[in-house]
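Here is a short briefing to read beside the model. Keep the sequence and the 3D view open as you go.

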Amino acid sequence: MNLPVAELHIHLEGTLEPEMIMSLAAKHSIELPYSSIDELRAQYEFSNLQSFLDLFYANMLVLRTREDFHEITMAYLQRAHASGVRHVELFFDPQAHVERGMDLRDVIAGIRDALGEAQDRWGISHKLIACFWRHAPASEALELLRLMIAEKHDIDGIGLDSSELGFPPELFVEVFDLARESGLHVVAHAGEEGPADYIWQALDLLKVERVDHGIRCLDDEKLVQRLVAEQMPLTVCPLSNIRLRAVVTMADHPLPSMLEAGLKVSVHSDDPAYFGGYMDANFASLMETFNFSTGQLAQLARNSFESSFIDETAKRERL
Ligand code: ES4
Ligand code: ZN
């Protein structure tokens with residue numbers, strides 16, 4: 001039996017499996033630079049975050065229609081259900097899809113239809129979070145967010161993702177001010193490859209409710225004290241950290257020290273089609289290495305629900 005958990009750090013485009021890349025490319029007559037699925041799979045060897053992002057952005061070009069977004073979201077939710085996920089807060093990258101001419105309404109409608117079906121079929125509850133790219137100008141993010149608010153696009157929050165080094169959170173203050181004023185939830189990737197200072201900025205300048213990754217906080221004792229005092233949620237993605245070489249091997253992963261320090265950490269899968277597996281694979285790898293006690297596992301599961309944006313009554317019912 002899989003542990004019942006909330007998945008809070010999952011990029012929809014990161015659930016695009018090689019088989020679906022091939023089938024969508026065939027469906028839309030898109031010429032891929034690979035002639036076979038094995039040739040495609042051979043690309044899944046990463047040296048850092050950027051080397052992964054290059055492939056990730058190239059592959060997601062096969063997503064072209066509302067139907068495609070429905071298909072990928074449904075496939076993910078079925079897999080998530082099988083791995084113990086009871087609540088999901090799904091990230092997607094609006095800029096990637098707008099950039100190649102898609103209507104954002106079709107993207108969101110395809111995703112929302114599948115989320116609604118998964119709720120009815122498996123009882124999985126959900127939130128939808130639009131992540132802005134930190135490698136693109138903040139003015140572009142601001143313009144798109146203004147449009148999404150004016151046109152009442154159906155999202156529950158915003159995030160910040162993509163290349164981290166050289167793109168500090170402070171660049172996005174206006175975007176996050178607008179999101180908070182508009183009643184949207186706010187999260188940001190920080191301290192994945194970037195320094196602890198980016199986590200301080202995400203807290204003090206963007207006023208985030210959760211930090212995605214955040215593993216580099218351990219470099220800064222004062223920051224750890226603050227995160228513990230505030231019980232600020234950190235969404236940690238173990239297999240992602242290994243595959244992107246933020247951490248050398250699972251035995252070196254800081255999750256046990258983070259738990260020990262009293263940080264509010266939970267386990268998530270980030271881009272499971274690229275990093276070797278979904279929620280269940282992340283827990284299996286952690287268990288193989290650290291053999292967590294029942295108490296530690298229960299803590300990780302409880303943290304995932306407490307760190308979510310499910311409303312308070314629903315939260316209590318699930319704990
Ligand atoms: C991402 Cl692992 C990771 N980090 C930053 N941005 C991302 N977008 C998708 N996966
Ligand atoms: Zn991520």
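Glutamate 192 counts as buried because it has 24 C-beta neighbours inside 10 Å. Buried means 20 or more other C-beta atoms within 10 Å of a residue's own, exposed means 12 or fewer, and partly exposed is in between, with C-beta atoms placed from the backbone. This is a predicted model: local features need pLDDT of at least 70, side-chain atom pairs count only at pLDDT 80 or more, and totals for chains, interfaces and linings use all residues. Residues are numbered from 1 along each chain as its sequence is written, while chains are lettered from A and ligands numbered from 1 in the order in which they are written.

**Glutamate 192**

- Glutamate 192 sits in the loop between β5 (185–190) and α9 (196–204). Helices (H or I, at least four residues) and strands (E, at least two) are DSSP runs, numbered from the N terminus.
- The contacts of glutamate 192 are Leu49, Glu164, His213, Ile215 and Ala246, leaving aside neighbours within four places in sequence. Contact means that two C-beta atoms, placed from the backbone, lie within 7 Å.
- An unreviewed UniProt entry annotates Glu192 as "active site". UniProt positions are given in the numbering used here, feature names are shortened, and annotations may be inferred rather than shown by experiment.

**Around ligand 1**

- Which residues are around ligand 1? They are His11, Gly14, Leu49, Phe56, Asp161, Ser162, His189, Glu192, Ser240, Asp270 and Asp271. To be near a molecule or strand, a residue must have its C-beta atom, placed from the backbone, within 6 Å of it.
- By class, this shell has 2 nonpolar, 5 polar and 4 charged residues. Ala, Val, Leu, Ile, Met, Phe, Trp, Tyr, Cys and Pro count as nonpolar; Asp, Glu, Lys and Arg count as charged; the others, Gly among them, count as polar.

**Aspartate 271**

- The unreviewed UniProt entry gives Asp271 the annotation "binding site".
- Aspartate 271 lies in the loop between β8 (264–267) and α13 (272–275).
- Is aspartate 271 buried or exposed? Aspartate 271 counts as buried, with 23 C-beta neighbours inside 10 Å.
- Aspartate 271 touches His11, Gly14, Phe56 and Ser240, not counting residues up to four places away in sequence.

**Helix α7**

- Helix α7 covers residues 138–150, which is 13 residues. From first C-alpha to last, α7 reaches 18 Å, close to the 18 Å expected at 1.5 Å a residue. The expected span is 1.5 Å times one less than the number of residues.
- Buried residues of α7 are Ala141, Leu144, Leu145 and Met148. Seen down the axis of α7, they fall within an arc of 100°, so they line one face of the helix. The arc is that of the directions from the helix axis to the C-beta atoms.
- An α-helix has 3.6 residues a turn, so residues three or four places apart point the same way.
- On the other side of α7, Ser139, Glu143 and Ala150 are exposed.
- What do the buried residues of α7 pack against? They pack against α5 (94–99), β3 (125–133), β4 (157–161) and α8 (173–181).

**Glycine 157 in β4**

- Glycine 157 lies in strand β4.
- Glycine 157 is buried, since 21 C-beta neighbours lie inside 10 Å.
- Glycine 157 touches Lys127, Ile129, Leu184, His185, Val186, Val187 and Phe309, not counting residues up to four places away in sequence.

**Positive phi values**

- Most residues other than glycine have a negative phi.
- Lysine 152, which follows α7, has a positive phi near 55°.
- Lysine 207 also has a positive phi, near 55°. Lysine 207 lies in the loop between α9 and β6 (210–213) and counts as partly exposed, with 14 C-beta neighbours inside 10 Å.
- Histidine 213 has a positive phi of about 75° although it is not a glycine. Histidine 213 is in strand β6 and counts as buried, with 26 C-beta neighbours inside 10 Å.

**Helix α15**

- Helix α15 (residues 294–306) has 13 residues.
- In α15, Leu300, Ala301, Asn303, Ser304 and Phe305 are buried. Their cover includes β1 (5–11), β2 (85–92), β8 and α16 (312–318).
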